[in-house]
Every structure is written in C-alpha cells, then in structure tokens.
Amino acid sequence: MAKITASVYTSHVPAIGAALDLGKTAEPYWQKVFSGYDFSKQWMKDNKPDVVFLVFNDHATAFSLEMIPTFAIGTAAQYQPADEGWGPRPVPQVMGHPALASHIAQSVIQDDFDLTIVNKMDVDHGLTVPLSLMCGQQDPVKGAWPCPVIPFAVNVVQYPVPSGRRCYNLGKAIRKAVESYDEDLNVQIWGTGGMSHQLQGPRAGLINAEWDNRFLDRLIAEPEALAQMPHIDYVREAGSEGIELVMWLIARGAMSDKPPTVRHRFYHVPASNTAVGHLILENT
Ligand code: DHB
Ligand code: FE
C-alpha cells in the first residue's frame with residue numbers, strides 16, 4: 001500500500017524563485033535564506049519520495065475571480081510553470097501522477113470533501129518555489145524534478161477561505177486515501193505558503209516572529225488544538241497573507257496520530273516581505 005512517510009512545510013516567496021533564477025543565491029541577503037535549505041536538499045536526496053502531494057495556493061494565476069475553487073486537485077499528467085507577468089520560471093515542467101490523484105479524488109470526495117478536479121493548470125510560484133527550495137535548480141529542458149507531483153490548490157486569496165479545522169480534517173481524509181492505494185508508494189505531503197506577511201494596506205510589511213514560532217511549536221506538538229484557531233486570528237496576528245498557513249494544517253492532518261520526528265526546523269526574517277518558516281517532520 002502507499003504510505004505518507006513525511007511532511008514538509010515551507011514558505012513560497014516569489015522573490016526566492018527570482019533569486020535562484022537570476023543567480024543571486026550567494027548574495028549575503030539571500031545566502032541566509034538559502035542556508036536553511038542545505039539540509040533539506042540533502043534530505044530530499046536521501047529520502048527520495050515516489051510522489052509529492054503538494055498543497056499550495058494559486059495567486060490568481062490559473063484561477064481568477066471568474067472561478068474560485070476552495071480545494072482543487074490536479075489529476076493531469078503534466079503542468080507547465082506559469083507566466084506570472086515576467087515569463088515562466090526557467091524550471092522543468094511538473095509531471096503529475098494521474099492514477100494516484102484520481103484515487104485520492106475518489107476517496108476524499110466520497111468522504112464528503114468537495115474537491116474540484118483539474119485536468120489543465122499552469123502552476124505559479126506557490127508550487128514551483130517550494131520545489132526549487134527542496135530540490136535545487138534543475139535545467140528547464142534537460143533536467144527534471146525528482147518525482148511526480150500532485151498539485152493541490154487551496155483558496156486562501158479570496159474570502160471566504162476554508163477554516164484550519166476543515167483543512168486539518170481534509171488532511172486526515174487524504175491520509176486515508178493514500179493508505180488505501182494499492183501500490184507500495186512512498187508519498188510525502190508538503191504544506192506551503194506563509195509565514196507572517198501582509199502585502200497591502202497600512203499594515204504592509206507586518207511580520208510577527210513570536211507568533212510564527214509559536215505556530216511552529218503548536219503545529220509539531222498540538223496540531224488538533226491549533227486547527228481550532230479561527231481565520232481572523234491568522235489575519236490579525238500574521239497579516240492578510242498569513243492566512244496561507246492554514247494549508248500547513250492539511251499536511252499535518254495527513255501525518256500519523258503519533259508524535260512526529262522533527263528532522264529540521266528553520267525560521268528567518270526577511271525574504272522579500274515575508275517571514276520564512278520551514279519544517280521537515282517524519283512519521284515515526
Ligand atoms: C510575497 C509573498 C507571497 O506569499 C506572495 O504570494 C507574493 C509576494 C512577498 O513576500 O513579496
Ligand atoms: Fe503567497
């Protein structure tokens with residue numbers, strides 16, 4: 001049977017992608033950000049999954065105000081890096097896993113979660129920046145990401161957004177779906193976005209390091225209680241874009257009920273307008 005072996009959590013700042021693509025990683029400002037992922041890139045090589053289930057948010061790239069799915073699962077065979085206004089990132093296309101994705105859609109929808117099924121979608125920085133951080137730069141044509149990826153998009157851009165509780169319970173349904181797939185696959189689930197940041201209005205630039213670190217502590221040790229936090233607390237304490245953090249609860253809900261092993265933890269301010277947080281948790 002397929003099994004979720006580990007979860008990865010990371011911010012997805014677009015300027016990180018630009019720093020990688022423009023060869024700026026050695027600059028002192030960026031060096032501090034990327035230093036937090038040296039361990040992770042080696043860990044990915046040592047623990048190469050068969051599939052990554054990647055929870056992310058689209059930033060009005062593939063979707064727009066014309067259509068706003070709360071949860072959307074990618075069942076396609078491949079996805080192209082999106083043009084977000086300055087050309088697509090020079091990274092490889094993302095190969096999907098239609099068989100596992102369709103199985104998860106079947107199981108999770110029958111478990112009463114409404115998923116939108118997506119067979120064509122360009123993927124923006126929300127998905128490609130976490131891949132770059134964890135897997136390093138790859139040649140856009142001759143290179144490839146290390147494994148297939150199932151993109152799972154969550155609406156955290158246009159209100160109303162899903163609650164942390166619903167995200168956490170959805171994670172549990174995803175775990176059940178993966179564990180009922182009849183092939184021995186090593187599956188990682190990634191929760192991306194966050195941490196505290198606000199890109200607009202009078203509070204633009206807001207960072208709350210104390211709150212972020214408490215979120216990391218609680219995500220590790222008491223995710224069930226953390227999942228009860230209402231969305232207004234995210235917005236008030238972590239800024240309007242801090243709400244991206246509810247996606248981390250999907251990945252955490254998909255982990256085993258036993259306490260996980262914390263393989264890696266990193267926190268750094270700033271990267272662009274964002275506090276960068278990163279965790280690797282392994283199932284024990
Ligand atoms: C920034 C962060 C984001 O999460 C995003 O989607 C866009 C920009 C930033 O820090 O600049
Ligand atoms: Fe974002």
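Which residues surround ligand 1?

1. The shell of ligand 1 is made up of His12, Val13, Pro14, His59, His125, His197, Leu199, Glu244, Ala271, Ser272, Asn273 and Thr274 (a residue is near if one of its heavy atoms lies within 4 Å). Please bear in mind that this is a predicted model, where local features need pLDDT of at least 70 and side-chain atom pairs pLDDT 80 or more, while totals for chains, interfaces and linings use all residues. Residues are numbered from 1 along each chain as its sequence is written, chains are lettered from A and ligands numbered from 1 in the order written, and side-chain values use heavy atoms, without hydrogens and water.

2. Sorted by class, this shell holds four nonpolar, seven polar and one charged residues (Ala, Val, Leu, Ile, Met, Phe, Trp, Tyr, Cys and Pro count as nonpolar, Asp, Glu, Lys and Arg as charged, and the others, Gly among them, as polar).

3. Now to the polar contacts (pairs of N or O atoms within 3.5 Å). A side-chain N or O atom of Thr274 is 2.4 Å from an oxygen atom of ligand 1; for Asn273 the distance from a polar side-chain atom to a ligand oxygen is 2.8 Å, and for Glu244 3.4 Å.

Methods
A polar contact is a pair of N or O atoms within 3.5 Å; within protein, one must be able to donate a hydrogen and the other to accept it, and residues adjacent in sequence count only if both atoms are side-chain atoms.
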